[in-house]
Amino acid sequence: MAKKDRINLINEFKQEQTNNDFIILTTYCFDPIFFDTYLLNKLQYNNPNSEIVILIDAEQYEKSYNIFTDITGKNYHLIPIYMKKVFHPKIFLFTSKLNNKLTLYVGSGNLTLPGLTKNAELISKTEYELNNEYSDITKILEFLRGLLEEFIKEKKVEDTINELIDYLLPFAGSEVINPKFRILHNLNDSIITQMINELDIDDFNELIMLAPFLSEKPAVIEILKDNLPSIERVSLILPEDNHNLKNVDKYLELASDRSINLEIKSGEFKEDSGRKFHSKILCLKGSQDYLLVGSPNLTISALLETSKNGNLECSIFYKGVNSEEILELIDSTPIVNLDKINLIEPIFDKYKLLKIFSADFNEDNKILTVETEPIDDLAEVIVVFEGKNKFKDYFNLKYGKISIRTSEGFPKEIIIKCSDKISRRRIFYDRNYFFRNLSRSGKISLNDLNKKSSDPSITQNELLTMLMGVVNIPREKEIKAGSAIASSLFRKRKRRIETPSQARNFLNSTLKDLTDIYTIRSVRRNIEENLEEYDEEKSIPTKEYKLYLRLSKKLTDKRIMDNINKINDLIKFRSEYCPKEDEKLCMNSNEKLILQSFLIELFLRFPKENINIEILENFCESLEENIIDINENELCKDSTIPLFRNLIIINYLYKFKNSYNFSDRVFTYNDFITAKNYFLIKDHVYGFLNLNYPDLLFNCKEFRDYYVGMVHFIFDSGTIEEGLINLIYQIKYEEGEFKSVLLKILKIILYGSDDYPKRFSTDGELSKEAKRLLLSNENSI
């Protein structure tokens, strides 16, 4: 193109494209070293909420596998596409909700260092302000749907592209906004067929073509001549040292038979002959010039076939353009001696690939699900984990689907060998995947909230992102005046939240305050370690120290308590929000309890040193108030065990031997007198303290004491006798640490302690048996 329209693709990727929610890149070949080391960090930094999806030809995926870096296909999606011929489109699609914009690049350049820098490529860039309907977006949606239906099986990628489709759907229109610009792909019809159908004049007299690859038969020229008989001249430009045409005899025969003046030329990039022409150009010249550019070479597979039997291609078709702006960049010279055409023989490595359509790792249940082509034979399956550990087993691929439960950590790649076929596949895993999707959608299910908030390594910012998702209620819903929540919520603090939009505004005004408070924990440790060496009069304060001083002023008791109350108000609002118009938004008791556990997770991220006894007691009173109306018949382990676990952390962290009045209603003693749940809770508490308070040494004896105290409050007058029977039975069959825990529970139920009252005071046979058991195991307590 003319210099004023020159595109620097490196700058486009690293500087121009920011705040996108979706990045879809398609390419024939791929350079993982170039992408991972030079583009990826900047792309992710500028587009923190975006999923990056790269679709690549399957054989090229295998060909480049040996130069994959450690991060290739790990925290971005790299998907091989299996086809009868080749996957060949070069589309770079960026979509930003924040900027209300879609940017589409269609051209000839692959996602490689030469494709984005060295080669002479032809790229079309189009920007759409998403405030109107566009027929182009209809074609984009058609292309994305076709990819999903025919080629993509990876669930996370399916979800991402479906989310993009849903977002773009309102902007798709049937009316042609720009009749001089059309997107053409060959998912359903050949590109030549569509191009011919788009023609609105028929007085073309010249055809100019340039591409590195041509078919042995001149079928493309033949079809165009049949449909456009006015064509008299054809210029076939072969990129210097970069084409595959061996024999021109059939081209010359066609020219003679159809009375075509055929001129075969050698072409170089006029401004720099050292840059290889990798562009693909098909130009029709007449009273107006029509131009086809994009990924298709001048082959039958590219232009005359659909993707079912040929390549998959994508191009842009321009009508009524000034083609000289492009053609003048080509320095073409007629080839006098056609017997000595200078060509480079292309090398095609053929692989006997076993098709691995997807390798989805579910981090919640630690299951790797792999979908392959069905082969009724035994396959050797090797899973390589981070840290180089390996899993190896044999599976029959008759049904094309296998599931592997992992226990070695996060799987990195899978290798499958079956008969004479072999394939390798990188496995996507990125813990930020969930939060990127949540940031885009603004919604979170209670099931995901329960799972994700229970991760001890979850950060404050991630919890705040989830808090936004919790109160994200549809804008059109409103709480009716006079409802219970409108009349009672926030009365104590003189705040009223009556509509979802008010809840969102209230949340947004709270988030900055919370973020500042949470930020102190990330800088305080480094600062305080060096405070003794720091002299304010002599030293120049660092940015970190200035931040510390500024934020520390916010950490008054009143401010901490106010923010805790704000979080509680928001969660209580969501818990009690009950519109008549949409019963799905109403919460049952189990879901409400999940929100209370989440409330504790947020509370536990406040700096411990700023939580005094008044704040702690106020928070626990709020919990009691929030849980008072819980229907115990609706509860299950999914909500009760996480709540119990978080209460243990509060008690342990703050040395707070508190009794919760809801314990005997919410918790079931059988859940906590089993070794499995005890050790799961212990491991979680240890993990949480180790990650968030690494200087606080875990004391196993103290943990057992708090666990015992919590469990003993679960027994009430209605369950005490049955509970004692079950407890005695468990003690007889347990050994080691957990047996000691059960004996301590039994002891304080019978005798009480300085901190806990006794729960059972009769002198019947059951009491005597329990006391005999304690006496016989006195050394184990």
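**Close-up views of a predicted model**

**View 1. The loop between β15 and β16, with K366 in it.** K366 is partly exposed, with a relative accessible area of 32%, and this residue of the predicted model belongs to the loop that lies between β15 and β16. Although K366 is not a glycine, its phi is positive, at about 55°.

**View 2. The open sheet of three strands, β15-β16-β19.** The strands of this open sheet follow the order β15-β16-β19 and pair in the antiparallel sense. Its edge strands, each of which pairs on one side only, are β15 (356-362) and β19 (401-405), and the twist from one strand to the next averages 15°. Strand β16, made of residues 367-372, runs antiparallel to β19 and is joined to it by five bridges; within this pairing, I367 stands opposite R405 of β19.

**View 3. The open sheet of four strands, β18-β17-β20-β21.** A further open sheet, with antiparallel pairing, has four strands in the order β18-β17-β20-β21. Here the edge strands are β18 (390-397) and β21, and each of them pairs on one side only, while the twist averages 20° from one strand to the next. Between strand β17 (residues 375-385) and β18 there are eight bridges, and the two strands pair in the antiparallel sense, with V383 placed opposite F391 in β18.

**View 4. S419, in the loop between β20 and β21.** The loop in this view, which contains S419, lies between β20 (411-418) and β21 (421-426). S419 has a positive phi, near 55°, and is a residue other than glycine. Is S419 buried or exposed? With a relative accessible area of 57%, S419 is exposed.

View 5. Strand β8 (residues 206-210) runs antiparallel to β11 and is joined to it by five bridges, and in β11 the bridge partner of M209 is L282. Five bridges also join β11 to strand β12 (residues 289-294), again with the two strands running antiparallel. K285 has D289 of β12 as its bridge partner, and β11 and β12 together form a hairpin with three residues between them.

**View 6. Helix α26 and its surroundings.** Helix α26 covers residues 736-751, and its 16 residues reach 23 Å from the first C-alpha to the last, which is close to the 22 Å expected at 1.5 Å a residue. The helix is mostly covered, with twelve of its 16 residues buried; among the buried residues are F738, V741, L742, L743, I745 and L746, and also K739 and K744. Which helices do the buried residues of α26 pack against? Their neighbours are α23 (675-692), α24 (700-712), α25 (720-733) and α27 (765-776). After α26 comes G752, whose phi is positive, near 70°.

**View 7. The packing of α23 against α26.** The axes of α23 and α26 are 10 Å apart, and the two helices pack at an angle of about 100°. Angles of 65 to 115 degrees count as roughly perpendicular, and α23 and α26 are therefore roughly perpendicular to each other. In this contact, A675, Y678, F679 and K682 of α23 meet E737, F738 and V741 of α26.

View 8. L691 has its place in helix α23, and, leaving aside residues up to four places away in sequence, it touches P456 and S457. Between L691 and P456 there are 235 residues of separation in sequence, yet in space they are 7.2 Å apart, C-alpha to C-alpha.

**View 9. The whole chain, for orientation.** The secondary structure of the chain comes to 27 helices and 21 strands, and buried residues make up 56% of its 781 residues. Among contacts between residues at least 6 apart in sequence, 78% join residues at least 24 apart. The chain exposes about 35900 Å², of which carbon and sulfur atoms supply 46%.

Note on methods. Residues are numbered from 1 along each chain as its sequence is written. This is a predicted model: local features need pLDDT of at least 70, side-chain atom pairs count only at pLDDT 80 or more; totals for chains, interfaces and linings use all residues. Side-chain values use heavy atoms; hydrogens and water are left out. The expected span of a helix is 1.5 Å times one less than its number of residues. Buried means under 20% relative accessible area, exposed over 50%, partly exposed in between (1.4 Å probe, protein chains only). Contact means heavy atoms within 4.5 Å. Accessible areas come from the Shrake-Rupley method with a 1.4 Å probe; for residues, only the protein chains shown count as cover. Two strands pair if DSSP finds at least two bridges between them. Axes are lines fitted to C-alpha atoms, for helices over the stretch in contact, and angles run from 0 to 180 degrees between N-to-C directions. Angles under 35 degrees count as roughly parallel, over 145 as roughly antiparallel, 65 to 115 as roughly perpendicular and the rest as oblique.
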